[in-house]
Each structure stands twice: as structure tokens, then as C-alpha cells.
2 protein chains.
Amino acid sequence: MKKNVLIIGAGGVAQVAAFKAAMHNDVLGDIHIASRTVSKCEAIIAGILDKKALKRPGVLAAHALDALDVAATKALIAQTKSQIVINAGSAFLNMSVLQACVETGAAYIDTAIHEEPGKICETPPWYGNYEWKHRDSCERKGVTAILGAGFDPGVVNAYAAMAARHYFDSIASIDIIDVNAGSHGRYFATNFDPEINFREFTGTVWSWQNSQWTANAMFEVNRTDDLPVVGNHTTYLTGHDEIHSLSANLDVPDIRFWMGFGEHYINVFTVLKNLGLLSEQPVTTAEGVEIVPLKVVKAVLPDPVSLAPDYAGKTFIGDLIVGERDGEAAELLVYNICDHEETYAETNSQAISYTAGVPVVAAAILIAKGVWDCHHMANIEELPPLPFIELIGEMGLPTRLRDAKGDRAFDPAEFRTERQKTKSRA
Amino acid sequence: MKKNVLIIGAGGVAQVAAFKAAMHNDVLGDIHIASRTVSKCEAIIAGILDKKALKRPGVLAAHALDALDVAATKALIAQTKSQIVINAGSAFLNMSVLQACVETGAAYIDTAIHEEPGKICETPPWYGNYEWKHRDSCERKGVTAILGAGFDPGVVNAYAAMAARHYFDSIASIDIIDVNAGSHGRYFATNFDPEINFREFTGTVWSWQNSQWTANAMFEVNRTDDLPVVGNHTTYLTGHDEIHSLSANLDVPDIRFWMGFGEHYINVFTVLKNLGLLSEQPVTTAEGVEIVPLKVVKAVLPDPVSLAPDYAGKTFIGDLIVGERDGEAAELLVYNICDHEETYAETNSQAISYTAGVPVVAAAILIAKGVWDCHHMANIEELPPLPFIELIGEMGLPTRLRDAKGDRAFDPAEFRTERQKTKSRA
């Protein structure tokens, strides 16, 4: 049993994580929120108290922290007696926060892959460039480190693991489809940190096809699906974290990620990219000021957190999986639908933050309860998927299935049989 | 007789002005080029010498100058014994260079209206906000100051004055049409300093209609004309310098400026403007750096001077004038066609710089010869138009006419009769 949670970050995902941790403080203990800008943490806490979301009286505290500073992060972990650290801050922080956890023994959970400020779209597998280099030190110290525990990566990895272990005999392809069918009413905005958001689309699109890494350009390949609830949507082949672990951990020849974009988004993105305004390399103005264009674009765009009150509509995220089951071709769609207005009413956040922030707290609860306290580094598909999928359902993210038997709510009783094992790590 | 010319600036227009001044140094005397970055002046001089464009042996020298520094500018005027200053630098410099001229007695010529860095699109008439406030001091000191002596403003004002004085009995409307039918082959670029270029389109579009100032939004009103040589083009009602003096100096109820834009230009412009990236107001990045977005956009766009070698196609600039002549309704189109490749071969510059740079040197020659050395501040339409139109024709910008009699080359003999007078200044 581990307890006391330190949440790092104060953006949309951190806000949802703080709300959900507060709602489960009977299990999780003290809740601490730390960010460079302490006032953002305080605003989140004010929102939680305002909504009376703390399950029982307990510690809910804000801290100023530069999480690139490993010593400061270790000190805060010690001071707050946190045994679980949820890293919901910028993707640039992963390595320093992980190091602080390894050195203090606290469990580490994050929602997105590490990024270095100066590099975009590194060679696959992305986890191999940073996170997996620390597998040995986690193993040696018995530190639990769970990577990519949001929705995508995160829940979609658990869907894939569930399909592999409990539904199919063999899988030919996994297509992860992410569509935001909601609208924020602004001319243009990104749904999370623009600096991280755009970086997903400015480099090569890597996908796993015919059991090898395949390179495409962004917006080069698309598909159109008639999806449950949200209807017909065009999505584009996109590079994404989970492909890089699923391809290593599952024996599946085709694993692809598809993200929905409207024509307006693509137009704005294309203009900015072609002009060089999404570059992470500094330029020098006529006045001699050196500046990274992407940081200026971020400065002029709406703060993603500010979009939440006006957001309406739903998100769809799911895995479309094709394979063999009982000797016959089979197709399974496992998915979640989330409503922007409902998540705002509950947590002051839109559905994109909510779908990432709920699972990371579910992972913390599973660690606290020992179910996922594995004492090594793991991607989600390496952990038992059913308790996670069940728990996020109870916490606000219900899963549905669609296959030859029709569209229905997820029921763990359907998945009792153990079929395949995920590949064990070498 | 005035002589010795100091050209301020080292961009595309300054380069053409330097070439053309060198080609007429028998009249103009010593040619000096001054800019913040002296290496740009030296590059222009190297180009002139390389093309053997200096008419006769003489002084052709580069100087480092911050022309916002009035004392430094006065000192350079004195040191170089320049009696004529061509301000082809940034529009932010007008007031300081004008002041240096007033204080030294040198004649002043510019090609565009003054702008203050922090202000976009001030109230009409624009000249009233800055330039015309110095009319009295020019008059008192007998200083010749000629405003807006490029093509538009400049030659188009002379076309209007010619039409008013020598062609029509009364004028109902003047529509100035500016189309760049050439192509630079880049994804996107502005043809002169992006900081000045975009400022033309980000504020209110002011036009003179029914003898009053009328406000529209950019890209709100357009027209399509079948123009000589360049063919069918859509142009958009745009705020522009010359409307602000022509409306004061000519008795014409409708004076409008129309600029040609392709759909791609409008799309890129609209994206940048809506995102706030064309703003001249500083924003602060997450790292705390304060920066003007427009200056970053300028930094990522191609240097306009770099476009010239690849530019192909032609420009059209002209006045479409409707009025009465000899008791009957009449329409006159006065225009110039300029070819990007031809101007590059002659002056290392594309046609947009060329059409602005040739007239400003023609104005200098007319001052040097006494024809335009008026000893007060004047907009082009207040000066005799025929010698100017004739001279720019000899210097590479021939004028053509199209009216009921057909399309033909400009011949000053057609315009001997004096019909109306332009309004005299109060």
C-alpha cells in the first residue's frame, strides 16, 4: 500500500487529476499539487473546494516547484511524504521527475512520452530514446514507474491488451482512433499545450505496418469511419506514443494511430508550419532578439485551460481491432465517449483533459491498492487491463464495445478467459 | 540647382534608387547610401559597379547610419554635402529624417507615409497626423519636401493630377489599381518589409467616397477588372497613402485604392491576423520573453530582397478615372506595366521595388534641375505632373493610356491644354 500523491503540473490534465485524486483521498491520502506558477495550483484547489470535491477532510496543498530541478523535486517528495508522483506537467519534465522518483523510491506515473525541447520526432521506438533507458534502475530499486497512463497513450493500450489477452486468438491490426467532435467556439486553439500539441504533427509520421516502422508525412494518409455517437469523421495517420510500446509488447503486425482534424485546423497548421512558425529552432529578429517561433505561437494562442467553459460536444477515443477469434475473422471496436459540458460541470475541465486526467488517477489508485504496484517500469499494456478499465468506468469514463454481437457496455465478465499473453520483456 | 544625393535605406527600393541615381550622376553628383547595416549598402554598391551602372566616374559611398538619430543624420548630410536626401528606409524613419533635412536645408523625398511603431492605421487624413504638421517649418525655411514619390503613392498621384489638369473638365471617381501578376515561387513572402506590408491591411480600410471618409474591413469589398497585358484580376479595397492627399488636393468625390491579392495570400494573411501574429503589441512567452509577434513573422519570412532573382511576370499599376470631358461622360485608364525579370537584369531588383525606386530618383532629378524645387512641402499632385511622367518613361517606367480612342503610349503633346487647377493649399 502506497499513499500521499504529489501531482506535478497545473494545466488541464493536472486539474482533472487533482479533482479525481481529491474525490479518492480516502484511498490516496494527502494530495499535493506543484507547479512553477503556484497561483495556478491554488486556483485548482479553490475549484475543488468550491465544488466540495474532497471526499473526506484531508491535506490538499499547493507548492511552487521547478520540476527540472531534481534536488528540489526530491525535497518536495520527502517533505510531503508522497509515495506516488503523478507527472502531469510538460513532457519536457519526464526525465527529471522520473529521476527524483527513482532516487526517493516514490512510484512514478506520467501521461505522455518525454520530449527534449530542441528535438522533434525522434527515431522509433520513442520510449527507447529516454524512458526505457531507466528500466534497469527502476528494477534494481524496486520502483514502480508507469508510463503513458492517460487515455491515449494509456486506456487505449489497456484496450489492446484486453483484446490480446481475453478476446482474440491472434490480432492482425490495431487502429487507434481519436476524434474530438466538440467545439470551443474560438478561431483556433490547441486542446493542450501548443508547444507539445504541434510537435506531434511537425515531424515524420511513424507507424507500425507489416511489422516494421513506416514513415509518412503528416496529413498524407487518412480514413473516414462512421463512429458510434459522433458519426462520420475523417482521421489522419499520426505518430503517437502508444505505437512505440504496443509494437514492442504485442505481436501485432499493423498498429496505427489516427487523429481527427477539421479542414480549418489543417489549414491553420499548414500555414504556420510552412512559414516556419512551428519551428523549435530560434530565429533572430531585425532587432537582434533570439526567439523560438513556436513559443511565440503558443503565447498568442488561447490558454487551453481557458477553452473549457465554452466547450460543447463529445470526444470519441477507441481501438478498432481486427483478428481471429475461435477460428474466424473478427472485428472489435472498444471505445469511450466523453462529453465536454459534463466534464466541465464536474471538474472545470473539458473532455480532452478529462480523458487523460481520470486514468492517471485510476493508475495511482491501482498502485495504492497494490494491484499495479509492480516495482518496475511498465507500459500500460504490460499490466492487468481489466481492473483499470473497470475502475475508469466507475470514475467517469465508461467503456463500450461493438462487434458482431452489437454495441454494448463493457462487462468484465465477458473477458474472463485468458487467451494470449502479451510478450514478456526480455 | 541642388546636387549630391544621400539615399537612406538599403532594401529593395533603396537599391533601385541607388542604381538609378548612379545612372544619372552627371545631374545628381555624389551618391551616398546610408543604412544601419553598412554591409547592405556595400553590397548595393558592388552590384552597381559590377553592372557598370555609374554614368560617369564619381563618388559612390556607403555609410553606417541610425536614421532615427537626427544629429547623426544631420552630420552625415553635412559631411557628404548632400543637398537632396532620398528617404527609402523604413517608414518609421520619416519624421527624424525630415527633421534633419529641415534643420540642414537639404531637400527631402520619401516614398511612403510615416508610421509610428506602436500604431496601426490612424485616423484620416494620415498625412495630417505627421507630415503636414511640418508644412510651416518647411515653408519658413524654404525647404523642399516631396512626400510619397514612389509609384503608389507617387506616379499614381501625378496621373490623377494630369487627368484633372489636362484631360477632364470634372472627375467623378479615381480608382487606383495595383496588381502584381508576377510570381516569386516561394510558399509565401511579402514584396517589401513585412512589418510595413502587413500594417497596410491589419487596420480599418479607409476610402474617400461621396466626399467623406468611409470605413470598411480588409477584404470586405472587391472588384474584378480585365486589365491591359495582365488580364483578369480581382482587387480589394485597401487603405493607402495617396487617398489621404488626393482627397484634400483634388475636388473628386470618390477616390479608392484597390490592391490585387491571390486566394493563397489572403488565406495566409487571414490565419496570421486572426491568430494575433500580425500584432505590433508585445506578447510575453511562457519563459517571460516580451516580443512583438509581427517581428517574429518578419524574421521567418524570406527577405524581400532575396526574392528578386526568381521573380517572373509583370506588375500593373494605374488610375481608372471617370468624369466629364467636353460635356460628355469619359473614362481614362492611365497605367504602367513593369516586368520583374527585366528590372532584375537592370538593377538586381524585382518590379515592385523598381516601380517605387525609379520615380523617387526622377523626383530628385527634377529637384536638381529646379523644376520641382518648390521650397515647401508638397504631395506629388501639387507639382507639375507632365515632366515627371515623361522622365520616368525615359528612365524605364513608360506610361500608357486607354480611353475611347483606344490603348496607346503616353504622349505629353496630348496634354498641353490646361483644364482644371488642382486645389491650392489653404
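A cavity here is a set of grid points where a 1.4 Å probe fits but cannot get out. The structure is a predicted model.

**Exercise 1.** Determine how many cavities of 30 Å³ or more the whole structure has, and describe the largest cavity.

Step 1. A search of the whole structure gives two cavities of 30 Å³ or more.

Step 2. For the largest cavity the volume is about 40 Å³.

Step 3. Its lining consists of B:Gly12, B:Gln15, B:Pro304, B:Val305, B:Ala308, B:Asn348, B:Ser349, B:Gln350 and B:Ser353. Two or more of the lining residues come from each of helix H1 (12-23) and helix H13 (304-307) of chain B.

Step 4. Sorted by class, the lining of the largest cavity holds three nonpolar and six polar residues, and no charged residues.

**Exercise 2.** Describe the second largest cavity by its volume, its lining and the classes of the lining residues.

Step 1. The volume of the second largest cavity is about 30 Å³.

Step 2. The residues that line the second largest cavity are A:Gly12, A:Gln15, A:Pro304, A:Val305, A:Ala308, A:Asn348, A:Ser349, A:Gln350 and A:Ser353. Helix H1 (12-23) and helix H13 (304-307) of chain A are the elements that supply two or more residues to this lining.

Step 3. The class count for the second largest cavity is three nonpolar, six polar and no charged residues.

**Exercise 3.** Classify the packing of helix H9 (residues 194-202) of chain A against helix H11 (residues 263-275) of chain A, and list the contact residues.

Step 1. Two packed helices are described by the angle between their axes and the distance between the axes. For H9 and H11 of chain A, the angle is about 85 degrees and the axes are 12 Å apart.

Step 2. Angles of 65 to 115 degrees count as roughly perpendicular. H9(A) and H11(A) are therefore roughly perpendicular to each other.

Step 3. On the H9(A) side, the contact is made by A:Asn197, A:Phe198, A:Phe201 and A:Thr202. On the H11(A) side, A:Tyr265, A:Phe269, A:Leu272 and A:Lys273 take part.

Step 4. By class, this contact between H9(A) and H11(A) has five nonpolar residues, two polar residues and one charged.

**Exercise 4.** State how chain A is divided into domains, and describe the contact between domain 1 and domain 2.

Step 1. Domain 1 of chain A covers 5-147, and domain 2 covers 155-351 + 398-415.

Step 2. The C-alpha centres of domain 1 and domain 2 of chain A are 23 Å apart.

Step 3. In the contact, domain 1 of chain A contributes 26 residues and domain 2 of chain A contributes 23 residues.

Note on methods: Residues numbered from 1 in each chain as written. Chains lettered and ligands numbered in written order. Predicted model: local features only at pLDDT ≥ 70, side-chain atom pairs only at ≥ 80, totals over all residues. Heavy atoms only, no water. 1 Å grid on protein atoms, 1.4 Å probe; cavity = no way out; pocket = protein on both sides within 12 Å on 5 of 7 lines; lining within 4 Å. Points joined across faces, edges and corners; volume = space filled by probe spheres on them. Helix = DSSP H or I, 4+ residues; strand = E, 2+ residues; numbered from the N terminus. Nonpolar A, V, L, I, M, F, W, Y, C, P; charged D, E, K, R; others polar. Axes fitted to C-alpha atoms, helices over the stretch in contact; angles between N-to-C directions. Parallel < 35°, antiparallel > 145°, perpendicular 65-115°, else oblique. Contact = heavy atoms within 4.5 Å. Domains from an automatic or database assignment.
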